[in-house]
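Subject: Structure handover

Hi,

Here is the structure I promised to pass on to you. Please have it open while you read the notes below.

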Amino acid sequence: MEYKLRCLTCNKVYESTYDSQLCDKCHGVLEVEYNFISESFINIPDSFWGYSNILPDSKSYKKYSVGLTKLLRSNLNENLFFKLEFQNPTGSFKDRGSVIELAKANDYGYKRVVCASTGNMAYSIAYYAKLYGIKATVYVSKDANKDKLYNIGKTSNATIVKVNGDFTAAQKLAEKHAFRKREFLTGDYCYRKEGQKTIIYEILAQLRNTRNIIVPIGNATLFSGMLKSLKEIKDNYPKTHLPKIIGVQSAVCKPLYEAYKKESIIRYEKPKTKADAIAVGYPTFGPQALKYMKDLDSTIVTVTETEMKNEQKRFYDNYGLIVELASVAPVAAYKKLKLQNSETVAVITGKNV
Ligand SMILES: [Zn+2]
């Protein structure tokens with residue numbers, strides 16, 4: 001789809017030829033804007049690329065196999081389903097966004113990309129960068145999950161830079177790196193969000209009466225991406241039934257939850273959760289998510305570390321599936337919410353433990 005980019009901080013508008021995901025005026029994050037979106041939420045396409053009519057135009061899209069993950073009915077309640085996002089090639093939902101970001105980097109002629117990550121995104125970016133013949137540098141916390149870093153080394157030629165700090169520190173360094181070396185900045189930015197919003201289109205096609213979708217919140221790209229896609233559907237097709245999006249944070253890393261409850265600005269919080277995929281002290285797309293939440297009757301809840309650990313074990317015992325802690329945060333949240341009588345989908349985001 002044809003699109004423009006708008007800065008979420010200063011409102012400056014860019015044509016799609018602009019080759020960055022940050023505003024050159026104020027350094028704010030950009031958002032993809034379309035004039036119109038098609039009714040792609042009605043049927044599930046033969047492949048992820050059937051969603052090209054809700055994705056930003058690119059001449060570099062390659063038909064890599066991504067997305068179209070299964071919906072599994074739970075044995076907790078007949079109305080609860082799991083969206084198995086770990087079925088993506090690198091084991092997490094990140095691949096949906098990485099295929100878009102790398103295609104755009106290729107459109108603009110970049111031979112190098114850089115990103116910051118808690119682990120899954122670095123693996124995903126490194127994997128698709130290699131497929132595109134692009135060199136990747138990934139900034140990760142020195143405490144990053146060793147198995148995730150091992151996967152990067154095993155499947156790509158990416159350079160790993162370990163940072164003495166958390167994800168937010170790594171993100172600042174990756175942004176400086178991109179600016180200094182004139183490399184394409186990838187990660188939790190606007191093009192990723194467009195790819196990730198396909199999850200909601202798939203869910204609506206797979207389970208037409210979905211009332212609630214529960215997702216973990218790290219950098220809030222998936223959460224705000226889902227809200228953005230609902231807003232796009234609402235604006236274009238006002239009569240469409242829309243599900244409620246419920247975000248989940250760890251009780252020991254909940255900056256967006258606090259801002260939402262107190263109706264305040266988001267304040268950085270040092271992440272203390274063991275669920276590394278959602279260990280983000282300041283969610284990049286948090287302010288935008290808060291803005292959308294009011295309009296779309298969305299909410300945020302928290303779960304404890306013990307609840308996630310117990311749920312991770314139950315998931316293995318009940319389904320024979322090993323998934324990471326952040327992935328079962330929505331399942332732990334479900335048990336606290338009274339949703340038994342309405343169709344609910346918990347997004348199981350990744351399996352890289
Ligand atoms: Zn700006």
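This is a predicted model: local features need pLDDT of at least 70, side-chain atom pairs count only at pLDDT 80 or more; totals for chains, interfaces and linings use all residues.

What follows goes through the domains, the sheets and then the helix pairs.

Residue numbers start from 1 along each chain, following the sequence as written.

**Domains**

The protein chain splits into domain 1 (4–41), domain 2 (71–93 + 192–348) and domain 3 (94–190); the bounds come from an automatic or database domain assignment. Taken over C-alpha atoms, the centres of domain 1 and domain 2 are 24 Å apart. Domain 1 puts eight residues into the contact and domain 2 puts in ten residues, where two residues are in contact if their C-beta atoms, placed from the backbone, lie within 7 Å. On the side of domain 1 that touches domain 2, the classes are six nonpolar, one polar and one charged. Here Ala, Val, Leu, Ile, Met, Phe, Trp, Tyr, Cys and Pro count as nonpolar, Asp, Glu, Lys and Arg as charged, and the others, Gly among them, as polar.

**Sheets**

A word on labels: helices (H or I, at least four residues) and strands (E, at least two) are DSSP runs, numbered from the N terminus. Two strands pair if DSSP finds at least two bridges between them.

Strand E6 (residues 112–117) and strand E7 (residues 135–141) run parallel and are joined by six bridges. Cys115 has Val138 in E7 as its bridge partner.

An open sheet of six strands is ordered E4-E5-E13-E10-E11-E12, and its pairing is mixed. Its edge strands, strand E4 (71–73) and strand E12 (299–303), each pair on one side only. From one strand to the next, the twist averages 30 degrees. E4 and strand E5 (residues 80–84) run antiparallel, with three bridges between them. Leu71 has Lys83 in E5 as its bridge partner.

**Helix pairs**

For the angles, axes are lines fitted to C-alpha atoms, for helices over the stretch in contact, and angles run from 0 to 180 degrees between N-to-C directions. Angles under 35 degrees count as roughly parallel, over 145 as roughly antiparallel, 65 to 115 as roughly perpendicular and the rest as oblique.

Helix H2 (residues 120–131) and helix H3 (residues 146–155) have axes that come within 9 Å and cross at roughly 5 degrees, which means that H2 is roughly parallel to H3. Asn120, Ala122, Tyr123, Ala126 and Tyr127 of H2 make the contact with Lys148, Asn151, Ile152 and Thr155 of H3. This contact of H2 with H3 has five nonpolar, three polar and one charged residues.

For helix H7 (residues 221–236) and helix H9 (residues 286–295), the axes come within 9 Å and cross at roughly 45 degrees, so H7 is oblique to H9. In H7, Phe223, Ser224, Leu227, Lys228 and Lys231 meet Gln288, Ala289, Tyr292, Met293 and Asp295 of H9. By class, five nonpolar, two polar and three charged residues form the contact of H7 with H9.

Finally, helix H10 (residues 305–319) and helix H11 (residues 325–334) have axes that come within 8 Å and cross at roughly 95 degrees, so H10 is roughly perpendicular to H11. The contact of H10 with H11 has seven nonpolar, one polar and three charged residues.

Best wishes
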